[in-house]
Amino acid sequence: MKTHWASGGTFAGVTGEEMLAVSERNGASGTFLTLESWGLDPTALLALLGVFLLWGLVRPWGQVFPRWTPFLRGRRVPRGLPLAPALLGAATLAPYGVVGIGYLALVTVGAVTMGRGDFPSEGDALLVAWTGITAFAVYGVALAVAARSYGLRTRTVRLPVATGSTPGSAAGPAATPGGVTSGGRR
């Protein structure tokens, strides 16, 4: 939606030029306005960064730096590098999106009202709100699931210490004289 506006399109009765004027009136920074005038919505660029994070959580290059990363290629990615922003994002975006969907459901059935803001009608404002809030909810939940998966795949597994073992002995099934372990045939 925002990329469509930034590239000059019309969505929910508002043109890209009108959205740029609204951003300027609301005190957007010069960098924001410049990017927007070039057809690059800064929030859409941040969303791309978020998708990059999401892919890093589910792809192998999220655990070992790929060859296209100079000086780091082949090294393990520190576990907290993708996990910290993923958990922070999930903790903020998922509840915001889920609660927002509940609110918009109430607005849709007429239980509460919502102002139209800078949009031509309340219906247009509601369309934009549903588009944005749904994206936040889906991304936040996806981030939570991907972060959990990444955390489980990258955790350090500590082996239990066998009780009654002597120092220097292997912790595991005891070997019998025939070379077969007490755990049965393997």
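Biologist: Where is glycine 74 found?

Modeller: Glycine 74 sits in the loop between α4 and α5. Keep in mind that this is a predicted model.

Biologist: Is glycine 74 buried or exposed?

Modeller: Glycine 74 counts as exposed, because its relative accessibility is 57% and the cut-off for exposed is over 50%.

Biologist: And what is glycine 74 in contact with, leaving aside neighbours within four places in sequence?

Modeller: With those neighbours set aside, glycine 74 is in contact with Val64 and Phe65. Tryptophan 61 lies 13 residues away from glycine 74 in sequence, and their C-alpha atoms are 9.3 Å apart.

Biologist: OK, stepping back. How many helices and strands does the protein chain have?

Modeller: There are 6 helices and 2 strands in the protein chain. Along the sequence the pattern reads α-β-β-α-α-α-α-α.

Biologist: What share of the 186 residues is buried?

Modeller: Buried residues make up 30% of them. As for contacts between residues at least 6 apart in sequence, 55% join residues at least 24 apart.

Biologist: How about confidence: what is the mean pLDDT of the chain?

Modeller: The mean is 86, and 87% of the residues reach 70 or more. Among the elements, confidence is lowest in α1, with a mean of 84, and highest in helix α5 (residues 80-108), with 96.

Biologist: Where does pLDDT stay under 50?

Modeller: That happens over residues 178-186, and the model has 10 contacts beyond four places in sequence for that stretch. Where pLDDT is low, predicted coordinates should not be read in detail.

Biologist: Noted. On to α2: which of its residues are buried?

Modeller: Helix α2 covers residues 16-25, and its buried residues are Gly16, Met19, Val22 and Ser23. They span an arc of only 115 degrees around the axis, so they end up on the same side of α2.

Biologist: Switching to helix packing. At what angle do α4 and α6 cross?

Modeller: The axes of helix α4 (residues 42-58) and helix α6 (residues 122-154) cross at roughly 35 degrees and come within 8 Å. The crossing is left-handed.

Biologist: Which residues make that contact between α4 and α6?

Modeller: From α4, they include Gly50, Leu53, Leu54 and Leu57, and from α6 they include Tyr139, Leu143, Ala146 and Ala147. By type, the contact has 11 nonpolar, 2 polar and 1 charged.

Biologist: Alanine 147, then: what is it in contact with, leaving aside neighbours within four places in sequence?

Modeller: Leu57, Leu83, Ala86 and Leu87 are in contact with alanine 147. Alanine 147 is in helix α6, and it is buried because its relative accessible area is 3%. Proline 85 is 62 residues away from alanine 147 in sequence and 9.4 Å away in space, C-alpha to C-alpha.

Biologist: Last one: at what angle do α5 and α6 pack?

Modeller: α5 and α6 pack at about 145 degrees, with their axes 7 Å apart. α5 passes α6 in a left-handed crossing, and the residues of that contact are 25 nonpolar, 7 polar and no charged.

Technical notes. Residues numbered from 1 in each chain as written. Predicted model: local features only at pLDDT ≥ 70, side-chain atom pairs only at ≥ 80, totals over all residues. Heavy atoms only, no water. Buried < 20%, exposed > 50% of the residue type's maximum accessible area, 1.4 Å probe, protein only. Helix = DSSP H or I, 4+ residues; strand = E, 2+ residues; numbered from the N terminus. Arc of directions from axis to C-beta. Axes fitted to C-alpha atoms, helices over the stretch in contact; angles between N-to-C directions. Left-handed = near helix turned anticlockwise from the far one by under 90°. Contact = heavy atoms within 4.5 Å. Nonpolar A, V, L, I, M, F, W, Y, C, P; charged D, E, K, R; others polar. pLDDT = per-residue confidence, 0-100.
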